[in-house]
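This report concerns a protein model and the way its parts are arranged. The sequence and coordinates are shown first.

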Number of protein chains: 2
Amino acid sequence: MPSLEKILQSVLETVKPSEQEFRKEMEKAEELIKRIYKLEGKHVKAVLGGSLARSTHLKGDRDIDIFVLFPSHLSRQEFKKEGLRIGKQVFNAGKFEIAFSEHPYVRGIIDGFDIEIVPGFDIKETASLQSSVDRSSFHTAYLQKKLSSAQQDEVRLLKQFLKGIQCYGADLRQASFSGYLTELLILKYGNFLECLKAVAEWKKPTVIDLENYWLEEQALEKFRDFPLIIIDSTDRSRNAAAAVSLQQMARFTAASRTFLKKPSMNFFFPPKTKPLQLKKVSMHVQKEGLIVLEMPYPKGLLADIFWGMIKRLARKLHSALEEKEFKVLRSEAWTDEKSLATITIDLQANALEQAFKRIGPEVFQKQASENFLKAHKKPLSGPRIENGRWIVEELREHYLATEFLKFLLKKLSKEEVKELRFLLKKARVLNQKQILKLYKKSPEFQEHFTRFLKGKEEFLEY
Amino acid sequence: MPSLEKILQSVLETVKPSEQEFRKEMEKAEELIKRIYKLEGKHVKAVLGGSLARSTHLKGDRDIDIFVLFPSHLSRQEFKKEGLRIGKQVFNAGKFEIAFSEHPYVRGIIDGFDIEIVPGFDIKETASLQSSVDRSSFHTAYLQKKLSSAQQDEVRLLKQFLKGIQCYGADLRQASFSGYLTELLILKYGNFLECLKAVAEWKKPTVIDLENYWLEEQALEKFRDFPLIIIDSTDRSRNAAAAVSLQQMARFTAASRTFLKKPSMNFFFPPKTKPLQLKKVSMHVQKEGLIVLEMPYPKGLLADIFWGMIKRLARKLHSALEEKEFKVLRSEAWTDEKSLATITIDLQANALEQAFKRIGPEVFQKQASENFLKAHKKPLSGPRIENGRWIVEELREHYLATEFLKFLLKKLSKEEVKELRFLLKKARVLNQKQILKLYKKSPEFQEHFTRFLKGKEEFLEY
């Protein structure tokens, strides 16, 4: 087993951009900024943002984020128009696309770099924020002042660790740690190792407040119900960790403990999941209660938005099944982000008893009792009183989960928002044969499905 | 349909003791009291108690309760000794038995009357109560003063109504309305019909406080969590309805509404349950998940005490099944009070999936997490994190309810109190054939089992 020191050194060598690489990126960024200054327009500034500006980016990222700032008195409409115009001009005749965050911006590829030209307002303090995009410059200014160059590398280690254990990224797929959070954590705890030691001892809730804006009780009161509270150093009213789910916070804690006990490169660069053999999968699939729903990936939709959609859909189906008394062990949405999406649901059993107990109103609610007795004249059993409430047993409308899901998909395909309606119409509940066929066809699904069937935190095996 | 008036008149004719009957009972009571006064002993008084003294007893009851009162300075030991001695002397060479309430007393039969000779203390106010038995004289004195002779008949109607809908009796079997409560209700509402009209509108909680001892909020605060609060007119600190379960309170309310809508003699004198045909029972029994446990009735045990025991046992089995994730629809203890007792349990299904989800500690509880991970090295699936907690799926130890019950009975037969141990050793889980055999054999079980299978409040059919 290599020593902890060697592991960290070796990781850093892999993830830190070389001097040459870094210089090239900065040169490209400066060139673009100069070009923007020369353009006619209402903008007053162009500044480099993101992890490149803070020198905390990972090797091969090749992301250049440039903020074009406009005077804050500009109308919203003019701001949008001007912002897009400048962005488009940067790419000249090159390829670009218009993306949407809180407002539209332009992104594209130049000389192999991923360039984003993001319009913003030139403001003096976060209190005057007009959009969360404007926050980025404040983050950059703060970190450039506070983060030592040694700490920049510690941020890189932590980012790669979080990536390895699938806890990196504030997008809807991960609901996890953003780059900015990683930087704040290193500022708080000093370096990567101290950070992991602290995280291994995290409690719920945990409060981190680098600038001491609040007393701990105040922060707990203000950001109640968040498991992790990390006050934004540039904006005391914001929990920078609001997007971090309890799930991801807990996984970070558990992985930190496991790593500290038995350090390994695997945490940073996890081995590829070895797909289960078809025979094994076939055994799992025979288990009554394992359901796979297949949908096509809708062309042209951003992955992040689509992840949000199918995760919401999965939660909806999960709750609907539980409401009908099906016992859901697990459910998980997944997509390969190009042609395929699935929702996998593991049930205690696919079939329920045909009879179910309907719990009516309290006897003391006179009108409701009368209505209930009128509405249930011929139950299988009852009406009777149990614990002061009226009870009847009746036949279930749906007692097979698969059948209920088909019914539900059809129903939702008429009610849901447009994008989902399309998905729901195309969605189908796979039978055993179809699941195996899908498994054979898609290597990405193989990996996902294997992870689901094993149902084990992978870092426990490193 | 006979008019309401005719029904009540006819019920009263049936339940009111005749002049002659009443005179005979009173003569017998006076004779006994005289005899007690003549006996040598430390007693200072002998008084008639119970519903005979209040003239609210039902025809054919033939109960004579006589309280023998001792000076309150007597030692507990001497009181018990003297009380029993007097009691025994009353019966002379006749047959009697020693029964136990809070302290021992003597009861037996003389000339066809059920005689109870109950020792008590001669006290001036309920504040000096030494035993709940002593309360009875205060109740009698209060009711003799307050209850008009017309109201005595209204009490009889109400008692019979409560009997008919199985809501009469403060014993452990019924957990329901005592004679004293019936009397207080008539005092409160004036007569039988007004009482039913009021009960039909009862809410949860309901407070009745004839002597206005408390403000309503005070009573609600003092007797919190009781659905029905009826302040004992002779003791402001006591909820005379403490034994009334929510179940029985609700049933009384529902039956009152049904009766007022469609009055019938059936409420007072319910028709015998017509047992289901064997063929129908056989169909029910084939339903997976219907379990009958059979036990012998232990010789010499008072029915009231035994009811308490098997009801407690049924609740225990019910909870144990639910803890193991079996879904219990209903459970009911029953005995014919002579040779047979059963516990019937209706489950959603007898078999559970063999795998189950074990929910471990929160990840943030470090030591507990370590222990959990150590203890579950080779689960079927997991360990993984769900909502911040460790989860594993494992094989169930017991996945058939019948097998689990057999295991449980064996285990309890070693742990429980002596009387229950005997029962538990003899208890057996019946198979389908055995259930049908029992059904054929016992007419009492036929009635009980039919009611259970129909699972419907009988008064809804009157």
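The model is predicted: local features need pLDDT of at least 70, side-chain atom pairs count only at pLDDT 80 or more, and totals for chains, interfaces and linings use all residues. Residues are numbered from 1 along each chain as its sequence is written, chains are lettered from A and ligands numbered from 1 in the order in which they are written, and side-chain values use heavy atoms, with hydrogens and water left out.

The same surface serves both copies, as 100% of the contact residues of chain B recur in chain A.

**The interface between chain B and chain A**

Each side is counted separately: 52 residues from chain B and 52 residues from chain A take part in the contact, where contact means heavy atoms within 4.5 Å. The two chains bury about 4,100 Å² between them, with 51% of it on carbon and sulfur atoms; buried area is the accessible area (1.4 Å probe) that two parts lose on being put together, summed over both. In chain B, the residues that lose the most area to chain A are Glu353(B), Phe364(B) and Ile385(B), together 17% of what that side buries.

Ten salt bridges are counted between chain B and chain A, a salt bridge being a side-chain nitrogen of Lys or Arg within 4 Å of a carboxyl oxygen of Asp or Glu. The rule for polar contacts finds 26 residue pairs across this interface, both residues at pLDDT 80 or more. A polar contact is a pair of N or O atoms within 3.5 Å; within protein, one must be able to donate a hydrogen and the other to accept it, and residues adjacent in sequence count only if both atoms are side-chain atoms. Helix H10 of chain B gives the most to the side that touches chain A, with nine residues (helices, H or I, have at least four residues and strands, E, at least two; both are DSSP runs numbered from the N terminus).

**Salt bridges across and within chains**

Over all chains, the structure holds 74 salt bridges. Two of them are listed here.

| Side-chain pair | Distance, N to O |
|---|---|
| Glu325(A) and Lys327(B) | 2.6 Å |
| Glu97(A) and Arg107(A) | 2.8 Å |

Glu97(A) lies in strand S3 (residues 96-100) and Arg107(A) in strand S4 of chain A, so this pair ties together parts that are ten residues apart in sequence.

**Domains and backbone features**

Chain A is divided into domain 1 (17-128), domain 2 (147-267), domain 3 (278-351 + 399-461) and domain 4 (355-395), with bounds from an automatic or database domain assignment. The C-alpha centres of domain 1 and domain 3 of chain A lie 39 Å apart.

Gly382(A) and Pro383(A) are joined by a cis peptide bond with omega about 0°, and Pro383(A) belongs to strand S13 (residues 381-386) of chain A. The bond from Lys204(B) to Pro205(B) is cis, with omega near 0°; Pro205(B) is in the loop between helix H8 (192-199) and strand S6 (206-208) of chain B. Asp111(A), a residue other than glycine, has a positive phi near 50° and is placed in the loop between strand S4 (104-110) and strand S5 (113-122) of chain A.
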